[in-house]
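Hi,

Here is the structure I said I'd pass on.

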Amino acid sequence: MTGTTPLELDLYVNGERRPANSGARYESRDPYRDEVWATAPDGDASDVDDAVAAARAALDGPWGATTGSDRARLLRRLADLIERDADRLADLESRDNGKLVREMAGQARVLVSWYHYFAGVAETMAGEVVPAGRNDFLVYTRHEPVGVVGAIVPWNSPLLLMTWKVAPALAAGCTLVVKPSDHTPVATLVFADLVQEAGFPPGVFNVVTGNGPAVGQALAGHPGVDKVAFTGSTGVGREVATAAARNLNGALLELGGKSAQVIFADADLDAATNGVIAGVFAATGQTCMAGSRVLVHRSVHDELVKRVVHRAETIKLGDPREADTEMGPVANRVQYEKVLGFLTSATADCATVACGGRPAGLGGLFVEPTVLTDTRPGMRVVDEEVFGPVVCVLPFDDEDDAVKLANETPFGLAGSVWTKDVHRAHRVAGRLKAGTVWINAYRAVAPGVPFGGYKISGIGRENGTDAVREYTETKAVWVELTGNTRDPFKLG
Ligand code: NAD
């Protein structure tokens, strides 16, 4: 594709393609080739106004009258179209963010299960008859769509993280304005074609792109948006929550992490080594759930480091589109500089570089898979999210020490426990302050399993039946049963 004309895509608003109101466009770069490969509209607040108005009108139109079964049918149709186009979507995502086509194709295929799962939820979602403690009323609840959802998405897994919002919000009967990351506008804009082909009415799903924070800011603080759903960094998450709160709107926040992989002396070290590699080098470490702190019992510390270093040194870096590549570049130059800055700070803090620690010198934005030992809390690289292929290894002496170290972070997204002792496995899983804990595994997700963060890693949960509740208001309906005239001056 080198040297070919960049793809040129338009916004998707009210079921139509159109440029930004300003006419401005910006460039999206392929991080592997370090070249412009697409351009997208550089939207602004006026484009957000248009998209929110379209989303509102759709709620007031035929979409607002759909049943759960109607919506399930559309969601299933969309699932089939995604399945049909999975390879193409994966390829677009990989061009935008440099992640392996293998990884993105896997993600595109599992997206299908998300739409089927939430189709099932749409069909079966029910209120309940509530025991009000009296015979003169029948009380029941209805779960009604919250309204217009503003969905703001990062660059690392654009379609998957968008889907975690879009599938439950559509199941609930909401409409959406989606704002993909400025670094990865393409797959989301193309995805809109599938939404249209599936038959969703105009205005139900809208996409506004833009370079820089303007579109996200306009969406988060828009008075016409009823719920903001955000995935991204903790810093921006705070701004988004503040903007939404000014409108007294709720914000669902999926934020950063600094997750601990806790490896006990009795663990299967081959499996744990594989888990460490999966946790922090898969996806070039650019995943919110990266297992970036490895806590290992002192008695097996050196052996584990030896195995992890051996595997890290044999990771095949290269073209994300080649089937045998194991690690692609960092997704964009800003992130690349950030990762290199962490490596500089680690050596300044006297961490030992067991392997990696440098740009990989392949052209593009490659960083060597990096294992740091002699690290401790208080070092920047241990305390902050790197979002790159860098793992810190810290020894511990006993279970209490391990749990204390694991929880010694303001983040609380995920974690793992590696041990053959079933008692310890469940005990420690219960003690970790994190929204997801894997036992003898890492980095598994499913549409029916809640995902989200404790502490500064987020508010609310995506996935699972509870995710739909994030997009509904609960209404209590009181039905008077006696037909008698009631005392107007008495409560109840
Ligand atoms: P980011 O916070 O910089 O940007 C996220 C989105 O917000 C982008 O679309 C961006 O354009 C937009 N944005 C930027 N400034 C804004 C503002 N002031 N108001 C509104 N929107 C604004 O994050 P990123 O660099 O795109 O992604 C990496 C981060 O995302 C990491 O911290 C990672 O941990 C986090 N993440 C979390 C999860 C999760 O589920 N918890 C999943 C993936 C990524």
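Below is what turned up, going from the domains to the salt bridges and then the aromatic rings.

One thing to keep in mind throughout: this is a predicted model.

**Domains**

The chain splits into domain 1, covering 7–255 + 453–476, and domain 2, covering 260–439. Their C-alpha centres sit 31 Å apart. How many residues are in contact between the two? On the domain 1 side there are 27, and they touch 33 residues of domain 2. Together the two domains bury about 2,500 Å², and 57% of that area comes from carbon and sulfur atoms. If you want to look at particular side chains in domain 1, start with Tyr32, Trp155 and Lys455: these lose the most area to domain 2, together 24% of what that side buries. The interface of domain 1 and domain 2 is also crossed by three salt bridges.

**Salt bridges**

The total count of salt bridges is 41.

- Arg333 and Asp34 pair up through their side chains, with N to O at 3.2 Å.
- Asp30, Arg33, Glu35, Arg95 and Asp319 are joined in a network of salt bridges.
- Arg424 and Glu399 form a salt bridge at 3.2 Å, N to O. This one links distant parts of the chain, with Arg424 in helix H13 (residues 422–431) and Glu399 in helix H12 (residues 399–407), 25 residues apart.
- Asp400 and Arg431 form another, with the closest N and O atoms 3.0 Å apart. Since Asp400 is in helix H12 and Arg431 in helix H13, the pair ties together parts that are 31 residues apart in sequence.
- Lys316 and Asp324 have their closest N and O atoms 3.7 Å apart, which still makes a salt bridge because the cut-off is 4 Å.

**Aromatic rings**

There are eleven aromatic pairs in the structure. Take Phe137 and Trp478 as one of them: the ring centres are 5.3 Å apart and the planes are at 85°, so this is an edge-to-face pair. Phe137 belongs to strand S7 (residues 137–145) and Trp478 to strand S21 (residues 472–480), so the pair links parts of the chain 341 residues apart. Phe137 counts as buried, at 15% relative accessibility.

Phe264 and Phe396 are edge-to-face too, at 5.3 Å centre to centre and 70° between the planes. Where do the two sit in the chain? Phe264 is in the loop between strand S13 (260–263) and helix H8 (269–280), while Phe396 is in strand S17 (residues 390–396), 132 residues apart.

Trp114, Trp164 and Phe451 form one aromatic cluster. Arg380 lies over the face of Phe342, 4.1 Å from the ring centre.

Cheers

Technical notes:
Residues numbered from 1 in each chain as written. Predicted model: local features only at pLDDT ≥ 70, side-chain atom pairs only at ≥ 80, totals over all residues. Heavy atoms only, no water. Phe/Tyr/Trp six-rings, centres within 6.5 Å; stacked < 30°, edge-to-face > 60°. Helix = DSSP H or I, 4+ residues; strand = E, 2+ residues; numbered from the N terminus. Buried < 20%, exposed > 50% of the residue type's maximum accessible area, 1.4 Å probe, protein only. Lys NZ or Arg CZ within 6 Å of the ring centre and 35° of its normal. Domains from an automatic or database assignment. Contact = heavy atoms within 4.5 Å. Buried area = accessible area lost by both parts, 1.4 Å probe.
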